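Biologist: I am new to this structure. Could you take me through a helix pair and a pocket?

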Amino acid sequence: MDTVIQEPLKPERRQFASTFLRWSGALILVVAALHYMIQGLNITSEALRFWVMPGFISFLAMCGLFCGYWLKDPKNTRIFYGLGTAFIAAQLSQVAAMGRALMIKGQSGEVLLDMWWDLDQLSPLVVGSNFVISVLLAVPVVYAGFTMLASQHRKSLLFGFLIANIAMMLPVRDQLSVTAIIVLGFFVLRYRDMRYYQADRAMKTISGFSARLLVWVPLLIVVGRCGFYTISDKQYAVLLAMVAWLLIREIPRIVGKAEFIPLLQYFGLTIAMTAWIVGAHDFIQSFSGINEIYAAILPVSAFLFTMSFRIQDDSPATRFIAAMIAMLTVVCLMLDSSSYVTAMMSLATGLVLTVGGLYLHEKLVLSCGVISFIGGLLYYMSFLLDMYHAMPWLSAGLMGVAALLLASWIDKQEGSIRGKISETWYAVKTW
């Protein structure tokens with residue numbers, strides 16, 4: 001009986017073992033490539049740096065051919081050529097770095113490139129030959145890689161990979177230009193991904209998703225390269241905002257519904273709020289006093305409220321937290337500061353939250369809005385009392401007129417107010 005049970009499991013065990021080895025080997029190769037890209041800060045032989053990656057890419061291509069033609073293993077073939085395509089982007093980034101170093105040769109230069117390359121030994125011949133070899137190697141490897149991973153979208157993937165590498169190799173390193181390349185590249189690649197691949201189920205498989213991811217590798221290299229240069233607050237905020245966008249919108253769009261998605265989205269919301277505080281620091285500082293607090297916190301509350309509809313579970317709890325932040329902000333500032341601005345901001349916040357609570361049928365949001373509105377109204381009434389002390393005859397006259405008009409309006413209603421209040425309260429209790 002044991003033999004009957006165990007025998008069918010052997011192929012499955014072999015499959016698990018081979019799958020584990022495939023993914024482990026691919027991960028090790030990726031880590032090795034990352035190590036190669038940053039080891040230039042302490043490398044001793046530049047000849048190794050000039051030629052090791054082209055040789056390694058050629059070796060991966062030969063391994064892919066061996067698996068495909070002799071071992072008849074299409075899975076490993078796709079992995080080898082997919083990694084070779086990713087390493088092509090890494091090699092082109094090194095060629096771009098050499099070209100940049102050659103451009104600044106004889107100048108004060110950048111500390112990073114001075115440490116990375118021996119500028120006295122770097123020549124146009126070395127850079128040019130390295131570039132030609134990289135291009136000659138890239139054409140067959142990249143073409144074969146995208147053909148094996150997603151042959152039906154081969155042309156569009158090749159074009160996207162090409163424009164991404166061109167953007168990566170541009171010899172600019174100033175903060176504004178690099179930030180513009182990152183933002184523009186992000187939205188161009190996202191637009192192409194949504195237009196050409198989103199509706200195709202084949203592009204949501206492991207092979208299709210890998211092909212889509214390879215197109216993004218050059219842009220990811222540009223982002224990683226920023227870590228070696230001085231990053232301004234605005235550039236840092238842009239990078240954080242892009243990470244937040246990926247977590248909130250892009251990963252759920254690609255993966256679909258999954259249990260871990262809301263957790264990623266909430267983490268993305270936290271990153272987005274951090275990006276706002278970092279990037280809008282100068283804008284916030286342009287205000288003074290309590291207005292600075294409004295400028296910092298209320299946009300965060302509005303952002304949370306708006307993005308709550310984008311969370312996978314459409315969480316009312318997120319809207320309640322946003323409403324609580326807004327309510328506590330205006331109420332605490334009213335208690336701490338005496339000004340017309342605090343009263344008006346509380347009234348405005350209360351109106352927005354109350355309307356939102358009524359429209360969404362959410363009691364907690366409605367409660368925060370009512371508290372903010374009533375607090376602002378009471379606070380504003382205190383200024384009417386101050387006006388009464390300053391001009392008692394005018395205040396008394398206005399109050400008398402208001403009392404008469406209110407009496408006429410109440411008589412006209414003939415008790416309908418109580419009925420409407422009862423109906424509204426009953427409707428709220430049924431939410």
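**A helix pair and a pocket**

Modeller: Helix α4 (residues 74-103) packs against helix α7 (residues 154-169) at an angle of about 25 degrees, and their axes are 9 Å apart. The model is a predicted one.

Biologist: Why are α4 and α7 called roughly parallel?

Modeller: Angles under 35 degrees count as roughly parallel. The angle here is about 25 degrees, so α4 and α7 are roughly parallel to each other.

Biologist: Which hand does the crossing of α4 and α7 have?

Modeller: The crossing is right-handed.

Biologist: Which residues make the contact?

Modeller: From α4 they are T85, I88, A89, L92, S93, V95 and A96, and from α7 they are F161, N165, M168 and M169. By class, this contact has eight nonpolar, three polar and no charged residues.

Biologist: What lines the second largest pocket?

Modeller: There are 18 lining residues, and F186, L213, W216, L220 and L246 lie nearest the centre of the pocket. The space in this pocket is about 420 Å³.

Biologist: Which elements give two or more residues to the lining of that pocket?

Modeller: They are α8 (175-196), α9 (206-225) and α10 (233-255). The most comes from α10, with nine residues.

Biologist: How do the residues of that lining divide by class?

Modeller: The lining of the second largest pocket has 14 nonpolar residues, four charged and no polar ones. Phe, Leu and Trp count as nonpolar, and the residues nearest the centre include F186, L213 and W216.

Methods:
Residues are numbered from 1 along each chain as its sequence is written. This is a predicted model: local features need pLDDT of at least 70, side-chain atom pairs count only at pLDDT 80 or more; totals for chains, interfaces and linings use all residues. Side-chain values use heavy atoms; hydrogens and water are left out. Axes are lines fitted to C-alpha atoms, for helices over the stretch in contact, and angles run from 0 to 180 degrees between N-to-C directions. Helices (H or I, at least four residues) and strands (E, at least two) are DSSP runs, numbered from the N terminus. Angles under 35 degrees count as roughly parallel, over 145 as roughly antiparallel, 65 to 115 as roughly perpendicular and the rest as oblique. A crossing is left-handed if the near helix is turned anticlockwise from the far one by less than a right angle, and right-handed if clockwise. Contact means heavy atoms within 4.5 Å. On a 1 Å grid over the protein atoms alone, a cavity is a set of points where a 1.4 Å probe fits but cannot get out, and a pocket is an open set with protein on both sides within 12 Å along at least five of seven lines; lining residues have an atom within 4 Å of a point. Grid points are joined across faces, edges and corners, and a volume is the space filled by probe spheres set on the points.
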